[in-house]
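Here is a guided walk through one protein model. Keep the structure open and follow along.

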Amino acid sequence: MTKEFFNQTLSNFTHNVASGDAIRHLADKGYTVPEIAGKLDFPTPVERIRKTVWEHYQNTGVIRMEKPDAMPHVQVHYEKVQGSYGKTSFRRVEEVVDAEPKEYLRIEFGKEKYKDKETFQRKLEGLDTKDREYVENLPWPLQPVYHVADERMKRIMEKWKGAD
């Protein structure tokens, strides 16, 4: 095992213990990245919070990188299992996160941001403060993503399309 790998693994573990669960919990409650940063007891860089929220949204099916199909989203995690003689191993568990198909909206914020920064900023200014923070503080890729059509995203997209 290399020193860099060990340091990265230790950093990930420390982050998860210190603030990872809190970040995911607050993201589920609808907090934006700056709001989450203000609520954490352990100092965590904003970029790390963004990454954690983005990965959490992907793992829970809030954001999908490919066009969603009618199949339910399956989340994989590993459970620690101890045998009768004390041997510890891990068992892969697949859990259906959302059994009912959800409605998704196609989002291209990353592409729009880099294509025309002035228009992107003008559209951001038309959003409410919390909605603007939500859009600004997630690492939208240059490809289209699919976001669950919740109240927040419907409101954002309505104002976003109206700003054209």
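Begin at M153. This residue touches L105, I107, F109, Y134, W140, H147 and V148, leaving aside residues up to four places away in sequence. Bear in mind that the model is predicted.

M153 belongs to the largest nonpolar core, which has 28 residues. V53, F109, W140 and M153 have the most contacts inside that core. Which elements supply at least two residues each? They include helix 1 (3-28), helix 2 (33-39) and helix 3 (46-60). Strand 4 (104-107) also does so, as do helix 5 (117-125), helix 6 (129-136) and helix 7 (151-162).

Now turn to helix 5. Its buried residues are F120, K123 and L124. Seen down the helix axis, the buried residues of helix 5 fall within an arc of 105°, so they line one face. An α-helix has 3.6 residues a turn, so residues three or four places apart point the same way. The buried residues of helix 5 pack against helix 4 (109-115), helix 6 and helix 7. What does the face of helix 5 turned away from the buried side carry? It carries the exposed residues E118 and E125.

Three strands form an open sheet in the order 1-5-4, with antiparallel pairing. Strand 1 (63-64) and strand 4 are the edge strands, and each pairs on one side only. Two bridges join strand 1 to strand 5 (residues 145-148). In strand 5, Y146 is the bridge partner of R64.

Finally, return to helix 7. This helix lies across strand 4 and strand 5. Helix 7 runs at about 45° to strand 4.

Note on methods:
Residues are numbered from 1 along each chain as its sequence is written. This is a predicted model: local features need pLDDT of at least 70, side-chain atom pairs count only at pLDDT 80 or more; totals for chains, interfaces and linings use all residues. Side-chain values use heavy atoms; hydrogens and water are left out. A nonpolar core is a set of buried Ala, Val, Leu, Ile, Met, Phe, Trp, Tyr and Cys residues joined through side-chain atoms within 4.5 Å. Buried means under 20% relative accessible area, exposed over 50%, partly exposed in between (1.4 Å probe, protein chains only). Helices (H or I, at least four residues) and strands (E, at least two) are DSSP runs, numbered from the N terminus. Contact means heavy atoms within 4.5 Å. The arc is that of the directions from the helix axis to the C-beta atoms. Two strands pair if DSSP finds at least two bridges between them. Axes are lines fitted to C-alpha atoms, for helices over the stretch in contact, and angles run from 0 to 180 degrees between N-to-C directions.
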